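Let's take a walk through a protein together, one piece at a time. Keep the picture open beside you as you read.

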Amino acid sequence: RAVDPKHGQKLEKILDDIRTPKEQMRGDISMLLCDPYAVHTVARTIISQLHQTVNCNDLPRVNMEFCLLIRLLQFGLNSWDMIYNQNFTEDDLSMVSLTECLPILAELLVERSIINLTPTQPLPDFPLPSTQPLTQFMQTDRPSQACVLEFAVHAAEECDEFLLRALLPPVADACFGMPSAPSLFFHQFTHALARVAEPSRAT
C-alpha cells in the first residue's frame with residue numbers, strides 16, 4: 001500500500017484551505033491520519049519514494065512529494081497533542097527529517113548500490129557509514145523516528161544484511177530511550193527478522 005499522489009494533493013489542498021473558524025477540521029483530519037496503519041502507509045510511501053529519489057540522483061529536500069508526505073506524517077503523529085491541547089494550529093514542517101535524517105538513509109541506499117556492483121568482495125569488508133546521528137533524530141523528531149523504523153522494517157523484509165548492520169545500533173539505542181516505541185513496528189520488525197533467521201535463508 002502507498003499514498004496515491006492525486007489523493008495526497010487533494011488532501012493538501014484541503015489543509016491549505018482551512019481558515020478560522022474552521023480550524024477544528026485539522027483535528028478531524030489528524031485523527032484519521034493517527035491510525036497506526038495510516039502512519040505505516042505514509043512512512044512506507046516515504047521509503048519507497050526515497051528509493052526512486054536515489055535512483056534519479058535527486059535530494060529529498062527539493063522533492064515536493066517528500067514535503068507533503070512529511071506533513072501528513074506529522075499530522076498523524078501529533079494528533080493527540082492537538083486534541084488534548086485543543087490547539088489546531090499546524091506545526092512547522094520537520095526540516096530535521098527532510099535535510100538530515102532522510103539524506104542519511106539515502107546515503108545507505110547509495111552505499112548498498114555500490115556493494116551490488118562489487119559482489120565478489122565480502123560484505124564485512126565494506127565500512128559502514130556513520131548512522132549514529134539517527135539515534136538523536138529518532139528521539140527528538142517524530143517524523144524521523146517513523147521513517148527510520150519503517151526503513152528498518154524494509155531492510156529486514158529484504159533480508160538486507162548491510163542495511164541491518166547499519167541500522168540496528170541506532171534503532172536499538174533510540175528504542176531503549178523511548179517511553180513507548182510503536183507496537184506495530186515491533187510486530188513487523190520481529191516478524192521480518194524471524195524470516196531472516198530461517199535456515200533456508202541463512203544458507
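In which sense, left-handed or right-handed, does α3 pass α4? Before we settle that, a word on what you are looking at. This is a predicted model, in which local features need pLDDT of at least 70, side-chain atom pairs count only at pLDDT 80 or more, and totals for chains, interfaces and linings use all residues. Residues are numbered from 1 along each chain as its sequence is written, and side-chain values use heavy atoms, with hydrogens and water left out.

Now back to our two helices. α3 passes α4 in a left-handed crossing; a crossing has this name if the near helix is turned anticlockwise from the far one by less than a right angle, and is right-handed if clockwise. Helix α3 covers residues 36–55 and helix α4 residues 64–77, and their axes come within 10 Å and cross at roughly 160°. That makes α3 roughly antiparallel to α4. Axes here are lines fitted to C-alpha atoms, for helices over the stretch in contact, and angles run from 0 to 180 degrees between N-to-C directions. Angles under 35 degrees count as roughly parallel, over 145 as roughly antiparallel, 65 to 115 as roughly perpendicular and the rest as oblique.

Which residues meet between them? From α3 they include Val39, Val42 and Ile46, and from α4 they include Phe66, Leu69 and Leu73. Contact means heavy atoms within 4.5 Å. The residues of the contact of α3 with α4 divide into 11 nonpolar, 3 polar and 1 charged. For these classes, Ala, Val, Leu, Ile, Met, Phe, Trp, Tyr, Cys and Pro count as nonpolar, Asp, Glu, Lys and Arg as charged, and the others, Gly among them, as polar.

Stay in helix α3 for a moment and find threonine 41. At 17% relative accessibility, threonine 41 counts as buried; that word means under 20% relative accessible area, while exposed means over 50% and partly exposed lies in between (1.4 Å probe, protein chains only). Leaving aside neighbours within four places in sequence, threonine 41 is in contact with Arg1, Ala2 and Val3.

Next, step back to helix α2, residues 24–33, where Arg26, Gly27, Ile29, Ser30 and Leu33 are buried. Seen down the axis of α2, these buried residues fall within an arc of 165°, so they line one face of the helix. The arc is that of the directions from the helix axis to the C-beta atoms. On the other side of α2, Asp28 and Leu32 are exposed. What covers the buried residues of α2 includes α1 (5–17), α3, α4 and α5 (79–85).

Further along comes another pair, helix α6 (residues 95–117) and helix α8 (residues 142–157), whose axes come within 9 Å and cross at roughly 15°. That makes α6 roughly parallel to α8, and their crossing is right-handed. Among the residues that make this contact are Leu102 and Leu105 of α6 and Val148 and Phe151 of α8. By class, the contact of α6 with α8 has 10 nonpolar, 2 polar and no charged residues.

One more stop is proline 169, in helix α9 (residues 161–177). At 39% relative accessibility, proline 169 counts as partly exposed.

Finally, zoom out. The protein has 11 helices and 0 strands; helices (H or I, at least four residues) and strands (E, at least two) are DSSP runs, numbered from the N terminus. Of its 203 residues, 44% are buried.
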